[in-house]
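This note is written for a colleague who is meeting the structure for the first time. Please read the points below with the model open alongside.

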Amino acid sequence: MKKNSFVSVADLSKEDILRLVKSAGSFEENPNRKILEGKVCATLFFEPSTRTRLSFETAINRLNGKVIGFSDAATTSSSKGETLKDTIKMVSNYADLIIMRHYLEGAARYASEITDIPIINAGDGANQHPSQTMLDLYSIYKTQGKLNNLTITMVGDLKYGRTVHSLIVGMSHFKPEFEFIAPEELRLPDTYKQFMEEKGLSYKEYTDFSEEVINRSDILYMTRVQRERFTDLMEYEKVKNVYILKNSMLKNSKENLRILHPLPRVNEIAYDVDDNPKAYYFEQAKNGVFARQAIICDVLETN
Amino acid sequence: MIDNKKELQIAALQNGTVIDHIPSDQLFKVVSLLDIENLKTPVTIGYNLDSKKMGNKGILKIADKFFEQDEINRISLIAPAVKLNIIRDYEVAEKKLLHLPDELTGIVKCNNPKCISNNEPMKTRFKVIDKEMVTLKCEYCEMKTKKEDIVLL
């Protein structure tokens with residue numbers, strides 16, 4: 001892999017994460033700069049994702065870069081059967097950087113092997129979405145003033161939620177305590193439990209979403225429990241209203257608690273939570289632009 | 001050693017490769033992996049032979065054939081304890097103990113249908129993350145494959 005591509009959270013060292021988090025902070029202070037003047041950035045979205053694409057394109061525009069690309073593979077030659085390799089090779093002739101989302105897992109890693117320009121992974125199937133993890137880490141850092149020794153509670157779909165898996169890997173450098181709250185069918189996969197055990201990290205698992213756990217948390221990371229994830233719909237009906245955060249559940253929570261959610265939310269956070277100063281999910285999304293500015297400049301080695 | 005020599009003398013291999021200590025239940029997989037059916041040179045296949053170490057074992061003596069490293073790696077996946085002797089002019093010219101490499105390229109199929117390696121004309125690439133248990137991790141989709149689920153290409 002090319003050294004300066006950004007493909008997987010697992011590739012990032014503690015130093016990498018801290019450098020990116022600090023850089024994101026400096027972009028938040030001063031987001032409009034001419035760092036990418038004269039650079040062309042390609043956003044290749046083989047699978048549509050409006051939120052992620054707009055966030056990246058905003059990051060590029062605020063740095064005076066130019067954007068080329070597509071938002072849906074249906075209009076490109078990959079729908080005519082062109083290989084990913086050929087598309088990447090072709091675009092590499094035009095752009096200084098490729099930001100890509102693909103429905104196949106490992107697509108970004110493969111792309112990084114066949115081109116000399118940096119690749120930023122904007123999501124590859126169910127595998128990785130590392131820029132989301134960077135904005136989560138930046139949001140944690142910004143709201144807690146540190147990344148070390150925090151209690152992070154994750155709620156909802158811990159089985160399929162890639163943001164959850166990547167955040168575990170990203171936080172693993174910073175001695176967190178994890179608490180996992182999920183229905184039986186959507187428990188955290190064993191492979192991540194093994195990962196934490198190898199890293200010597202402590203974690204606890206619950207099926208009850210209780211105030212007791214909320215009250216010891218610094219970060220409450222909510223995710224959506226999706227109906228289509230259940231093999232047994234009876235089971236879904238039983239749990240669908242269990243993993244919903246209501247404002248009343250926060251009355252004895254820590255002062256520094258912040259509620260994160262990768263968005264879009266459906267009903268897993270009640271609307272009465274939105275006005276609570278501990279609700280952070282909208283600002284979290286805004287942090288995405290700064291985190292992505294940091295990632296782009298890091299892979300292009302502009303700073 | 002003496003036993004070994006006797007066996008070699010029986011086969012009277014002038015030049016070629018002797019693969020010894022193959023677990024009997026893996027022998028024919030090894031035969032197929034090394035594409036021995038398509039060789040034109042003489043091959044002796046020993047099956048269910050007595051072995052002090054293993055109880056019983058398989059052995060292959062292949063005349064005038066010297067394997068490339070990636071061909072050998074294919075065997076190490078299913079029979080890691082195999083002993084490989086290179087014979088030149090009736091003598092053991094070189095002994096090789098096989099070890100699982102750290103990385104396997106173009107040998108194992110990724111079991112994830114949504115992996116890019118199953119959808120592009122490209123070689124698969126796996127990291128061997130546990131040599132004892134033989135656990136592989138796809139370098140692309142990052143999915144792990146346990147020994148019993150390994151499918152060779």
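1. Basis of the note. This is a predicted model, in which local features need pLDDT of at least 70 and side-chain atom pairs count only at pLDDT 80 or more, while totals for chains, interfaces and linings use all residues. Residues are numbered from 1 along each chain as its sequence is written, and chains are lettered from A and ligands numbered from 1 in the order in which they are written.

2. Chain A as a whole. The secondary structure of chain A amounts to 10 helices and 9 strands; helices (H or I, at least four residues) and strands (E, at least two) are DSSP runs numbered from the N terminus. The C-alpha trace spans about 55 × 45 × 40 Å along its principal axes. The radius of gyration of chain A is 19 Å, which agrees with the value near 19 Å for a compact globule of 303 residues; the radius is taken over C-alpha atoms, and the globule rule is 2.2 Å times the number of residues to the power 0.38. Of the 303 residues, 46% are buried. A residue is buried if 20 or more other C-beta atoms lie within 10 Å of its own, exposed if 12 or fewer, and partly exposed in between, with C-beta atoms placed from the backbone.

3. Helix 3 of chain A. In this helix (residues 84-92), L84(A), T87(A), I88(A) and V91(A) are buried. Seen down the helix axis, these residues fall within an arc of 95 degrees, so they line one face of the helix; the arc is that of the directions from the axis to the C-beta atoms. Two residues are in contact if their C-beta atoms, placed from the backbone, lie within 7 Å.

4. Helices 2 and 10 of chain A. Helix 2 (residues 50-62) and helix 10 (residues 281-299) pack at an angle of about 65 degrees, with their axes 8 Å apart. Axes are lines fitted to C-alpha atoms, for helices over the stretch in contact, and angles run from 0 to 180 degrees between N-to-C directions. Among the residues that meet are F56(A) and I60(A) of helix 2, and V289(A) and I296(A) of helix 10.

5. Chain B as a whole. Chain B has 3 helices and 11 strands, and its C-alpha trace spans about 50 × 30 × 25 Å along the principal axes. Of its 153 residues, 27% count as buried.

6. Two sites in chain B. In helix 3 (residues 69-78) of chain B, the residues R74(B), I75(B), S76(B) and L77(B) are buried. The buried residues of this helix pack against helix 2 (27-33) and strand 11 (151-152) of chain B. M133(B), in the loop between strand 8 (125-130) and strand 9 (135-138) of chain B, is exposed, with 9 other C-beta atoms within 10 Å.

7. Where the chains meet. In the model, 15 residues of chain B are in contact with 13 residues of chain A.
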